[in-house]
Amino acid sequence: MNARWAYYLILPSIFLVLWYAVSEAEIYPSYIIPPLGMVVRSFVELISTGTLFQHIFWSVVRVIAGFALASLIGIPLGIGMGWSNSLMRLVEPLTNIIRQIPPIAWVPFAMIWFKAGVVESSAFIVFIGAFFPILLNTITGVKGVPILFIESAYTLGASSRQILTKVVLPASMPNILSGLRIGIGIGWMSLVAAEMMGQDYGLGSFIIVSSTVLRMDRVVVGMITIGLLGFLMDRLFKEIESSLLSWRGH
Amino acid sequence: MTLIIKNVSRTFAAKGIMIQALDNVNLEVKDEEFICILGPSGCGKTTLLRVIAGLDKPTSGEILLDGARIENPGQERGMVFQDYSLFPWRTVIDNIAFGLEVMGVDREKRYERAREYLKLLDLEKFENSYPYELSGGMRQRIAIVRAIINNPKLLLMDEPFGALDAQTRNVMQAELLRIWEKKHKTILFITHSVDEAVYLADRIVVMSGRPGTVKEIFNVVLPRPRIRTSQEANRIRDMILRSLGSQIGDAAR
């Protein structure tokens, strides 16, 4: 433990102390600010019964499915749109309108279109959340590839296809990876919206069900779990980024 | 190899204004010749080189390489740019081997060839380094062999040492001559430096200011390695400076 770690812990500690103080003072009823002790007890209970892990499992499955689909479509489409002006003109107006619509607005249709699926309807909402940051960052990356690299490759004998795979793709990788990181973050944030369709399991549905029975302590457990897991995923993506982009050298 | 530049003109349209970069340029380059092109900024030197590389098209006229009209970029014309053009995401060896890779040469063979060139440059220990780990001079040397490994008939160089300090520049010039003599290349080399041109070239082409056209051609018949400060070198430098100077005067009027 060194001074840097101490810095990281200062604000979370203050937050916990304040929370504890407010809980002990009993200023607010427990459904407005659930006491720290109550939340901790629920946390421990949900972990020991394994319920929390079931919720986590289904949420992760849905987010991964939606995110994978968003990457599979978003990256190639982004490369195409960044590379070809005519494809850009063709697709951009439509995507630019659709991306203004929040993922939660798609819930009614997700329920109608994918009613039978445990995963599909929620994955669709996550897909909507993750898709646009991936698409937009990929386009930015491709458009930013220095013309010098492309011309060098041409004079070295590369075909247009080879330039796409051997120059444009690796050169725009920094943007693509940050698009993926932002995409999975927003996909994860769409969880509550994605799981408000009456699923039995999932952190989002756990929050919604708990709130309808006024178990606000459990709502907080769900919120904290989403926050912590999102934080861990973001760290993981940062690690992947810096190891794949070691050629940038800082 | 023979390169014939025939009545080449190039006009650009910028914001509705037509700018003529090249006006009726004619030049014939013989096999294994080292030609330097000098001229004031904006005289179209780079445009000329880009047209020869196939990265740009002439508005009129044509360029013939061994009788065939140049339309597109091709491996038989290597190009070295002024700015650092190594692919930053590739290691040194994968940069050098890029041309062989796109030709479909398998990894073992292309690494073998690339290592020969690394040895020629005495940079073997940087095989797995990334460009950011190298000095500017090293990057340009690698950019040169990356173009040469394709065995081009013609090597086009656009102020390749322009960004380097004077000391490194001199070393690079000597090294380029060494590679040129060893690999028997024909080189078209753009520079701003009269000194560099006199040190390197068999013939020096002086271009006039915009629109660019061939103003004068000087033969440099000094034996190599050349002494930069020799009387003869000074005499040629003086002639070229006069040729360049008269058009600076023109521009001032």
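Here are legends for a few close-up views of this predicted model.

**View 1. Where chain B meets chain A.** Chain B brings 25 residues to the contact and chain A brings 19. Together they bury about 1900 Å², with carbon and sulfur atoms giving 69% of that. Look for Trp89(B), Val102(B) and Tyr132(B): this trio supplies 32% of the area that chain B buries against chain A, more than any other three residues.

**View 2. Polar links across the contact.** There are two salt bridges between chain B and chain A, and five residue pairs are in polar contact. On the chain B side, helix 3 (98-103) gives two or more residues, as do strand 6 (77-80) and helix 5 (136-148). Helix 3 of chain B gives the most, with four. Sorted by type, the chain B side has 14 nonpolar, five polar and six charged residues. One salt bridge to zoom in on joins Arg50(B) to Glu151(A), at 2.7 Å from N to O.

**View 3. A buried pair, Glu33(B) and Arg203(B).** These side chains form a salt bridge with N and O 2.5 Å apart. Glu33(B) sits in the loop between strands 2 and 3 of chain B and Arg203(B) in strand 9, so the bridge ties together parts 170 residues apart in sequence. Glu33(B) is buried at 7% relative accessibility, and Arg203(B) is buried too, at 11%.

View 4. Glu101(B) pairs with Arg90(B) at 2.9 Å, N to O. Both count as buried, Glu101(B) at 15% and Arg90(B) at 10% relative accessibility.

Methods:
Residues are numbered from 1 along each chain as its sequence is written. Chains are lettered from A and ligands numbered from 1 in the order in which they are written. This is a predicted model: local features need pLDDT of at least 70, side-chain atom pairs count only at pLDDT 80 or more; totals for chains, interfaces and linings use all residues. Side-chain values use heavy atoms; hydrogens and water are left out. Contact means heavy atoms within 4.5 Å. Buried area is the accessible area (1.4 Å probe) that two parts lose on being put together, summed over both. A salt bridge is a side-chain nitrogen of Lys or Arg within 4 Å of a carboxyl oxygen of Asp or Glu. A polar contact is a pair of N or O atoms within 3.5 Å; within protein, one must be able to donate a hydrogen and the other to accept it, and residues adjacent in sequence count only if both atoms are side-chain atoms. Ala, Val, Leu, Ile, Met, Phe, Trp, Tyr, Cys and Pro count as nonpolar, Asp, Glu, Lys and Arg as charged, and the others, Gly among them, as polar. Buried means under 20% relative accessible area, exposed over 50%, partly exposed in between (1.4 Å probe, protein chains only).
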